[in-house]
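Have a go at each one before you read the solution.

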Amino acid sequence: MPNERIVGIDLGTTNSLVATMEGDRPAVIPGEDGSNLVPSVVALGADGQMIVGNAARKYLIETPERAIYSVKRLMGRGVEDIQDELKLFPFRLADDLEPGEVLRIKLGDRSYTPPEISALVLRQLKRNAERFFGAPVTKAVITVPAYFNDAQRQATKDAGRIAGLEVLRLVNEPTAASLAYGLDRKKNGTVAVYDLGGGTFDISILKLHDGIFEVIATNGDTHLGGDDLDNLLITIGLGDIRGDLGLDLRRSGEAVATIRKAVIEAKIALSSQPSTKLDIELPGGKRYQREITRDQFEQLIQPILERTIGPCKQALKDAGVKPEQIDEVVLVGGSTRIPKVRELVEQLFRRTPHTDLNPDEVVALGAAVQANILSGASEATKEMLLLDVTPLSLGIEVAGGVTDKIILRNSTIPASATQFYTTQVDGQANVAIHVLQGERELAKDCRSLARFDLKGIPGMPAGMPRIEVRFLIDANGILHVSAREQRSGKEAEIEVQPSYGLTDEQVESMILESFDKAEDDFRERQLIEARNEAATIVAALEKGRQSPAWAQLTTGEKENIAQLEQHLHKVEKGDDYSEIRKAIDALNQSTMRLAELMMDSAVATALKGKTMNEADLGEGPSVPHPVAKAEFE
Amino acid sequence: MPGEPTASCWSCGTMRAEHFCTACGKVQPPLPVDYFTFFGLPRKLEVNVPGLEKEFYALSRKLHPDLYSGADTREQEWSLEQSSQLNDAYRTLKDPIKRTEYLLRLEGVELEEQSKTATEQARSSGSLKKQVVPPDLLEEVFDLNMQLEELRAQKRLGEDDPALIEEIGRQKLELEEKYEGLFEELKGYWQKWDQAVDEGTEEDRLKIRDKMVDLLNRRSYIRNLVRDVNEAVER
């Protein structure tokens with residue numbers, strides 16, 4: 001392999017995926033359990049081990065206080081931002097949080113920041129990819145909702161670093177989806193991507209031009225998605241239970257988790273059938289039963305779905321296009337499976353939306369395409385280039401608490417702006433700058449990104465210094481600031497205090513803390529897998545010795561097998577996984593004829609009237625394969 | 001930060017083009033140039049926008065950071081700087097108003113602060129906005145402001161006067177027509193400016209420049225007025 005593989009990752013609210021280009025097509029990399037989706041759930045096992053994905057899901061019901069889901073909703077946010085979420089999500093925040101501080105979530109006797117929890121999910125995806133390639137993976141493209149602000153993007157990048165991944169690019173989810181679709185149809189035209197996921201909603205309008213994917217406008221709501229539909233149904237269920245059965249279960253984590261699971265199943269069922277039944281066993285032996293029709297469901301969720309209309313209209317307006325000028329509409333995100341959502345999209349854009357790619361996978365596939373573009377020199381993506389925009393305006397607080405916008409929303413990124421500052425007092429050495437993101441006129445209504453202190457301004461009379469501050473939004477949508485005092489030519493020192501982010505030092509220490517180093521981690525896992533495979537082949541060999549085929553081998557063959565088996569037992573005790581693999585391969589080779597003989601006799605048995613399944617095929621030695629199912633524990 | 005700009009390619013030594021070396025294609029440290037120069041355009045106002053778009057796409061294919069993901073950090077930084085300049089320049093030049101305002105600023109004009117920011121700032125600090133009412137609008141603006149005051153007072157009392165709202169709506173429509181008219185008028189000066197650049201005197205240019213400044217100021221004055229009307233009616 002000339003270059004190290006760069007993987008594409010969709011770090012979702014509900015599910016996460018990792019994908020790669022296989023030839024000229026992107027493909028999702030399955031996990032050990034064969035599943036393409038890794039639920040974004042993290043649980044603390046009884047033995048203190050962190051469990052991620054499908055295996056963690058059962059903890060949501062059994063020990064909800066030891067499991068975390070939908071952590072994406074907390075990325076880059078402060079405690080004062082999430083009061084609404086706290087009413088609906090069982091997040092257990094650390095008790096000593098101050099406003100403006102990075103959130104911490106309790107799990108067992110420790111607390112974790114959202115990037116640390118996300119890093120655990122990323123680490124699982126990284127592992128799945130390494131298992132697939134049989135080589136370490138350290139570089140990735142990660143997708144984020146288009147409407148994510150700077151702090152949320154930075155938090156996602158931090159999560160990547162903590163997981164041992166160099167994040168080469170953050171790509172907006174709807175844009176990634178358009179890449180996955182655009183690979184097939186190298187057409188020109190205007191495309192709308194409607195992305196309603198587990199926790200976020202995005203709308204993007206793109207212009208396709210000979211392989212250039214130019215986003216012209218984007219809008220959305222980072223707190224609108226399938227979770228909200230679930231919460232609505234849960235609230236109704238809890239109300240029913242209180243009214244009909246006289247049980248107040250609002251504080252019972254376990255009961256709420258059970259109801260959540262049931263309403264999600266009901267929601268999914270209603271996409272394909274006209275009605276469904278909720279039947280939930282409650283603590284104390286009572287049952288909650290209720291029939292829900294699709295009509296009722298659609299009426300209930302209508303107000304939530306309507307919240308997507310405003311952003312769509314704004315995006316069209318910003319893009320300067322009318323609905324009839326949209327050539328194609330693409331649906332992304334699991335929630336777009338709901339027929340009512342499709343109906344709404346059809347009405348908005350007067351087009352039948354594309355649904356040929358799996359809405360759960362299309363973002364990850366697009367991330368793999370972008371990863372391929374970044375790695376360069378691939379025929380399939382050679383002509384493709386993504387030009388994305390910043391979703392929110394960047395501003396500076398000026399006198400009177402007003403926001404002065406310096407980079408407007410929907411500006412193609414990278415984008416920059418230069419501002420000049422001076423001093424108000426003779427000899428003033430510092431100037432404070434407050435950077436904001438958002439569309440509102442007053443600073444207090446915008447999102448505070450950071451406060452910068454320009455330090456070490458040379459002593460001059462008031463108004464004399466001319467400090468040039470350059471704000472640059474990079475291709476990831478993340479802000480960089482640099483400053484220079486023009487009269488002295490001195491680079492001003494900038495001290496950054498991210499309003500809701502982790503400092504570099506904090507991230508560094510989390511990387512160190514995060515279990516073990518990536519390299520060791522990889523070796524160790526390879527070692528475990530190799531040992532497991534060794535055990536499998538030895539067991540299979542033992543079975544072979546019991547079979548009638550064994551007698552048909554020559555003495556030389558038997559001796560050779562015995563020798564190689566001993567060699568395997570020897571290297572197995574060492575810690576070099578490649579030696580173990582070599583020994584496995586050698587033993588495998590030597591037992592090839594045994595396997596054939598066993599197969600022959602099995603076929604012969606089958607011909608005598610038995611079926612192949614009944615015939616004892618044994619587990620015949622198999623050739624190790626990079627995606628072979630390894631058995632842990 | 002960019003390295004010292006030199007006349008030859010940092011990598012192969014050939015005399016370079018503006019943004020990347022014509023011989024080896026490597027991205028070059030950005031030069032502190034204005035947006036017109038970045039695109040190799042003269043400082044003129046009539047711009048072929050489809051041609052500009054084509055050039056923008058072509059340059060994007062050479063300068064975008066995605067193409068330098070595997071390059072050394074110096075090239076990565078240059079590509080980031082260059083493509084942000086490219087995007088800033090394209091955004092400004094493709095829009096006729098932004099283009100005109102930008103050119104006037106290059107010509108040393110400080111346009112009046114007409115932005116909403118300035119309004120809000122003035123409001124919150126209690127100071128007067130440094131905005132002059134165009135004399136020919138004086139009477140109209142005076143009347144309109146009186147009516148808006150009345151409307152606000154009525155709204156505070158929870159009253160509703162359809163006749164007043166209709167009258168304000170009519171005036172707003174008139175203002176919007178004027179706004180469009182000003183844009184058409186401004187367009188007429190682009191060609192005059194471009195001609196003056198080629199063959200006119202300094203005096204000709206200054207005259208045209210001042211006319212355009214006046215038109216832009218009136219235009220943004222009317223825009224603010226329309227916004228005030230919208231606010232008063234919606235509130």
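The exercises below cover a chain contact, a helix pair and some backbone details.

This is a predicted model, so to speak: local features need pLDDT of at least 70, side-chain atom pairs count only at pLDDT 80 or more, and totals for chains, interfaces and linings use all residues. Residues are numbered from 1 along each chain as its sequence is written, with chains lettered from A and ligands numbered from 1 in the order in which they are written.

**Exercise 1.** Work out which elements of chain A give two or more residues to the side that touches chain B.

*Solution.* Start with the contact itself: 25 residues of chain A meet 21 residues of chain B, where contact puts C-beta atoms, placed from the backbone, within 7 Å. Next, pick out the elements, which are DSSP runs numbered from the N terminus (helices: H or I, at least four residues; strands: E, at least two). Helix H11 (362-375), strand S18 (385-387), strand S20 (402-407) and strand S21 (415-421) of chain A each give two or more residues. The largest share, three residues, is from S18(A). Finally, sort the chain A side by type: 14 nonpolar, eight polar and three charged. Here Ala, Val, Leu, Ile, Met, Phe, Trp, Tyr, Cys and Pro count as nonpolar, Asp, Glu, Lys and Arg as charged, and the others, Gly among them, as polar.

**Exercise 2.** Describe how H3(A) and H4(A) cross.

*Solution.* Take the axes (lines fitted to C-alpha atoms over the stretch in contact, with angles from 0 to 180 degrees between N-to-C directions). Those of helix H3 (residues 114-133) and helix H4 (residues 150-162) of chain A come within 8 Å and cross at roughly 55°. H3(A) and H4(A) are therefore oblique to each other; under 35 degrees would be roughly parallel, over 145 roughly antiparallel, 65 to 115 roughly perpendicular, and the rest is oblique. Now look at who meets whom: Leu122(A) is among the H3(A) residues, and Ile162(A) among those of H4(A). The contact divides into seven nonpolar, two polar and two charged residues.

**Exercise 3.** Inspect the backbone at Pro414(A), Asp210(A) and Arg350(A).

*Solution.* Recall that most residues other than glycine have a negative phi, and most peptide bonds are trans. First, the bond from Ile413(A) to Pro414(A) is cis, with omega near 0°, and Pro414(A) sits in the loop between S20 and S21 of chain A. Second, Asp210(A) has a positive phi near 50°, in the loop between strand S13 (201-209) and strand S14 (212-221) of chain A. Asp210(A) is exposed, with 12 other C-beta atoms within 10 Å (exposed is 12 or fewer, buried 20 or more, partly exposed in between, with C-beta atoms placed from the backbone). Third, Arg350(A) has a positive phi of about 55°, in the loop between helix H10 (339-349) and H11 of chain A.

Terms used:
Two residues are in contact if their C-beta atoms, placed from the backbone, lie within 7 Å.
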